[in-house]
Amino acid sequence: MSELESDACLFCKIVKRQIPGKIAFEDDRALAFYDINPKAPVHILIVPKQHIASLSDMKEEDRDMIGHLHYLAATLAKEQQIVEPGFRTVINTGLGAGQTVFHLHLHLLGGRPFTWPPG
Ligand code: 5GP
Ligand code: ZN
């Protein structure tokens, strides 16, 4: 699955507006949209516009962009008023970690208590 080409990729299609998504934020490098099956009152997915299958496929030149995804998560957390009492950011990498869509995405979750360790 990690070999998915971008023209077959669900999140590339949302980036290209070929399928609908409820957009929270967009800039030249990234798109943030609401998860279709939210696991918390606030559940936003933040994705690079370029197709990278997973965190384990990142290249050295992707370092700044992945930092940017986290910057956007912090910014959106403030906008969504979930900084207090706390929010969670998650990247699932690989089938065993629960990754189901093989286009890198950062989950931003908030608005409810979270336990640790995660399941
Ligand atoms: P993963 O399990 O790969 O870490 O996360 C994939 C996420 O994408 C899941 O939370 C799932 O609910 C979400 N998702 C799957 N298909 C769609 C879709 O078509 N639109 C949106 N907005 N989210 C989706
Ligand atoms: Zn993609």
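In this predicted model, E60 counts as exposed, at 62% relative accessibility; exposed means over 50% relative accessible area, buried under 20%, and partly exposed in between (1.4 Å probe, protein chains only). R63 is exposed as well, with a relative accessible area of 55%. The side chains of E60 and R63 form a salt bridge with an N to O distance of 3.8 Å. A salt bridge is here a side-chain nitrogen of Lys or Arg within 4 Å of a carboxyl oxygen of Asp or Glu. By this rule, three salt bridges are counted. Salt bridges that share partners join R17, E26 and K49 into one network.

E26 is partly exposed, with a relative accessible area of 35%, and R17 is partly exposed at 44%. The side chains of E26 and K49 also meet in a salt bridge, at 2.7 Å from N to O. Because E26 lies in strand 1 (residues 23-26) and K49 in the loop between strand 3 (42-48) and helix 2 (63-79), the pair ties together parts that are 23 residues apart in sequence. Helices (H or I, at least four residues) and strands (E, at least two) are DSSP runs, numbered from the N terminus. K49 is partly exposed, with a relative accessible area of 26%.

Local features need pLDDT of at least 70 and side-chain atom pairs count only at pLDDT 80 or more, while totals for chains, interfaces and linings use all residues. Side-chain values use heavy atoms, without hydrogens and water, and residues are numbered from 1 along each chain as its sequence is written.

Note on methods
Chains lettered and ligands numbered in written order.
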